[in-house]
Amino acid sequence: MGIKLILSPPASGKTAACIERIKTVQQGNPLAKVWVIVPNAQKASYFKSRLAKAGGAMGVKVGAFRHFYQDVLEESGHFVPVITPALSNRLIQETVDQVYAAGKLSHYASIKGKLGFLSMLRDAFAELRSAMVKPEDFLEYTRNNSPAQHELAILYDHFLARLEAINWIEPEGQAWLAIKTLETNPQLLSKLSLVIADGFSSFTASQIQFFKQINEYIDEVFITLTGQEELNRPVDARTLDVLNKLKESLSLEIIELKEASHLPLEIQHLQENILEPSSTEKLTTEQAILLEARSQSDEVREALRWIKQLHVREQLPLQNCAVYTANIESYKPLLRSVATEFGMNIRFSQADVLSESPLVLALVAFLDLPLKNYPTRVLLNVLRSPYFDFGLNPGDVESLEIISQQAIIVEGKQQWDETWQILRVSGDPDAYEDEDRRRSRKLEGIDVALMQQHLEHFWELFTKMDEKRSQTEWVRWLENTLENCAFYERISSARDREACDSLGEALSALVLSESIAGTKMVDYAQFLADLYATLTDTQLEEQKEVFKNAVFVGKMVEARAARYDAVVLLGLSEGQFPVVENPDPLLDETLREELGLEPRLGRNQASTFYQAFTRADKHLLITRPYLTEKGEKWEPSIYWEESKKLFDGNVVHRQESSQTMNQSKAASVQELLFLAVQQQNLQYSEDAELAQRWKYLYHAQGILDARRAKRAQGKFEGDLSLIENQISSLFSSDYSWSASRLETYAACPFWFYMNVVLKLEPKELPELGLDAAQLGSINHKILEDVYLKAQEEGTSPLALLDEIANEVFANAPRRFAFRPSSLWEVEKDEILETLRKTLEALEEHKGEWEPFAFENKFGIGDTKPLELELEDGSVKIRGLIDRLDKNQDGQLRVIDYKTSSTNFSEADLTDGTRLQLPIYALAAQESLQLGDVSEGFYWGINKAEPSSIKLSKYKYNDLKGPQAAYQVALDHIKATLKSIRLGQFSPKAPKGGCSEYCPAIAWCWKYKARFIND
Ligand code: SF4
């Protein structure tokens, strides 16, 4: 008996002919059993709805090949269970391990444990099975081939043997079993009258073999294919291939339908002429079927707007619309977010992978912690995760973060344990405000003992992790742990609930795989690897409500069989479609051809395009982005150009600008309001709710404009003149200033506002090694102690350096509350080396000066502040003078140590960003009454040299020396206080770029990167 092959162009009645045939068969025998085999779920529901519209039929079963394989096996009473992804992973992993242990794996030895390799193997095995490649043939064929191919054949052979041993089967193996069953038991088909395969564009070898088998015993078998009488156009290439393949194995009777296509004029014209070299005919149309948008995200907006327009204005049900794209991964998030905004349901042909759901990502971050040695950043993120309850409130996690910064905890439980001991004896170190030791009292108000207790509870979750356990025991451990963290109780969204259900199934699958394949004792790392592999293979099924009235979204290659009223093809730009083809790393093209596998290169993408656009019964839109993400021109796809060539008139539409777009075209309230703000007019102002929202947005636009303006000004950019009174009372004459605060204002008023008025601190990520403040504090302490002792004993400071430094180093972790990292020994050597050089240089610069006072406080504790009289009152300033030298005339020299390698120039003093020297000099002179200052400079500890700015050489207006510096400082202090009290805090990026100490660097609109050439 021959198989009847119905060949006709798209939309010319193939499905109708199949339904007609079913009707005819059932007229003679109303109980006749019919199978309709379809390629996908979309075609199944399409076929069923067409059949229902035609009056329905009893005894007709519509499904995929696998459903019919199961039918055959069930009918024969031969039940072989099908493996789950978890069991498949386990068996493939074991296969690889066994082949490796037997010394038969060398080419793939280095990647044998990689998840990617195991998943490539699974795909290759599935393809080989579908192509009916017998393991013994494959082994024989590759015996003299490359090691890579022969090892693949060995792995394939072992995998199938292992499956047979446990008496399970993989999905592709079902075809083999069904065919084998039919060979010995053909009467299983005796009740079947008609078999139809509708909507396929290709067949695997096992599917063709199945046809061959059933054709022997069934009265009628129909196969439909899309194509013309003469298959000589590029778009027919795939049909021609399939036809030749079918002819090789089956006896075919070709039936060509003569029905006229019901496609609209434009789609019909495209169908008849696309990629037809001889076609010169152009159709004049005003219907835009090609749409260009600026970006992929705009393209998605336009595509979904077009569908929504058809839905609202022409009452087209959303389930009658489809979107196809070759690059579904990059379009998926865009489609999801725009559809949510537009209030449209969409559903994807492929469910999301469970491992990408937020719930599972949070779980993986948590479970990975012990393997990665608890990196502090990840640990804090996990502690803050809304999916877990570790008995910590947000303030507790904040406190732990502060402790980690103070103690420099980069990773590991051990670092935390060491920290508790140090903090117990040291407490919070003193707050300093000088640039070198800039540190606030971070630990103030933190209950360190309580935080330790909290973290101890967390560590308990991961005890006894070194032992090996069976997978079932690990799953039990995981479930207990999740319960202890209230993981299940915290799930609130429907999507997370779905993910949680799928997670439960994945865990059950792991337990089941162990009960089938035997107990496997594994360590924690292996358990996680097995779990992640299972999660990657588990799909996160969409909620059932999503399927109702939803636009279907599929891959371009899936655009076959089902038909829709409206179809959009996304991404017709170069590189997106046709897709760039890559060879298969395991099965190369020659091997594929020899084994009868589908090629990976030269995949007839013209046929795919043809199949895709001919899915549209009424409306078609082909879209593309014309700019890349970087704003560069994006060339159109060849299929776009070929389509364009076939039309005259306005077939191409460029996305409208939001400035001119009619507000009636807005597809969401958000979009309408966006257009209204852009156009400064709301067309629907009679709607009170819209009008109110528009007013808010209009206000927000004012803020945005202020932020974007070149010159920062106004109340949204630091002008607090409206609360001038509050600000001036905050900074009244009682306020105690530091040089550093005055300098901060001069550097950037907004920085001052954030740091001093709002008391915000920059967020720092703990890094291995001392931070700048700790290093500065240690340097200062050693220099102070060395000089003090040298003064007392009358010896050279250099001779005392080693001894003093070792004393300071021994106490440093407790004194400055840090946990010595693994770099501490190296750091000590470096500090010592640097200080040795700096001491030598200081001694060379000693001249007539003798050090005589160190770390002199003014305005701190009960010491007298520096008080300066201004026109509108006085100002009090406090500080800590690193060092004062005296000469024989009793004159003073001020030295301020700086660890950083920044240059300190006269210009910095003139512009007010370095006021420390004159302020300290005045304090020594006026407040501390230590004598007249005639000299002063900053001393670069790392550079081992004085700054270029020297008080004795400084000039300002007609003044020279310290007097000039006092005058410029006074002028700046006056101007600064005046501006502060007027509430002037507009941002102005410092001339060398913004400081890392500014807390606003993460969000400030005027941020300017710093150029560092240390
Ligand atoms: S980021 Fe720069 S411009 Fe902005 S407040 Fe900080 S220092 Fe000023």
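**Reading helix packing and a parallel sheet**

Q: At what angle do helix α14 and helix α19 pack, and how far apart are their axes?

A: Two packed helices are described by the angle between their axes and the distance between the axes. Here helix α14 (residues 358-368) packs against helix α19 (residues 471-484) at an angle of about 105 degrees, with the axes 13 Å apart; axes are lines fitted to C-alpha atoms, for helices over the stretch in contact, and angles run from 0 to 180 degrees between N-to-C directions. The two helices are therefore roughly perpendicular to each other (under 35 degrees is roughly parallel, over 145 roughly antiparallel, 65 to 115 roughly perpendicular, the rest oblique). This is a predicted model, in which local features need pLDDT of at least 70 and side-chain atom pairs count only at pLDDT 80 or more, while totals for chains, interfaces and linings use all residues. Residues are numbered from 1 along each chain as its sequence is written, and side-chain values use heavy atoms, with hydrogens and water left out.

Q: Which residues make the contact of α14 with α19?

A: Leu363, Phe366 and Leu367 of α14 meet Trp477, Leu478, Thr481 and Leu482 of α19, contact meaning heavy atoms within 4.5 Å. By class this contact has 6 nonpolar, 1 polar and no charged residues (Ala, Val, Leu, Ile, Met, Phe, Trp, Tyr, Cys and Pro count as nonpolar, Asp, Glu, Lys and Arg as charged, the others, Gly among them, as polar).

Q: At what angle do the axes of α5 and α7 cross?

A: The axes of helix α5 (residues 115-130) and helix α7 (residues 147-166) cross at roughly 75 degrees and come within 11 Å, which makes α5 roughly perpendicular to α7. Phe117, Leu121, Phe125, Leu128 and Arg129 in α5 meet Leu152, Leu155, Tyr156, Phe159 and Leu160 in α7, a contact with 9 nonpolar, no polar and 1 charged residues.

Q: In what order do the strands of the open sheet of 7 strands lie?

A: Strands of a sheet pair through backbone hydrogen bonds, either parallel or antiparallel. This open sheet has the order β10-β15-β9-β16-β17-β8-β19, with parallel pairing (two strands pair if DSSP finds at least two bridges between them; helices, H or I of at least four residues, and strands, E of at least two, are DSSP runs numbered from the N terminus). Its edge strands, β10 (345-348) and β19 (652-654), each pair on one side only, and neighbouring strands are turned by 25 degrees against each other on average, direction ignored.

Q: How many bridges join β8 to β17?

A: Strand β8 (residues 290-293) is joined by 4 bridges to the parallel strand β17 (residues 616-625), with leucine 290 standing opposite isoleucine 622 in β17. Helix α24 (residues 638-645) lies across β8, β17 and β19, running at about 130 degrees to β8.
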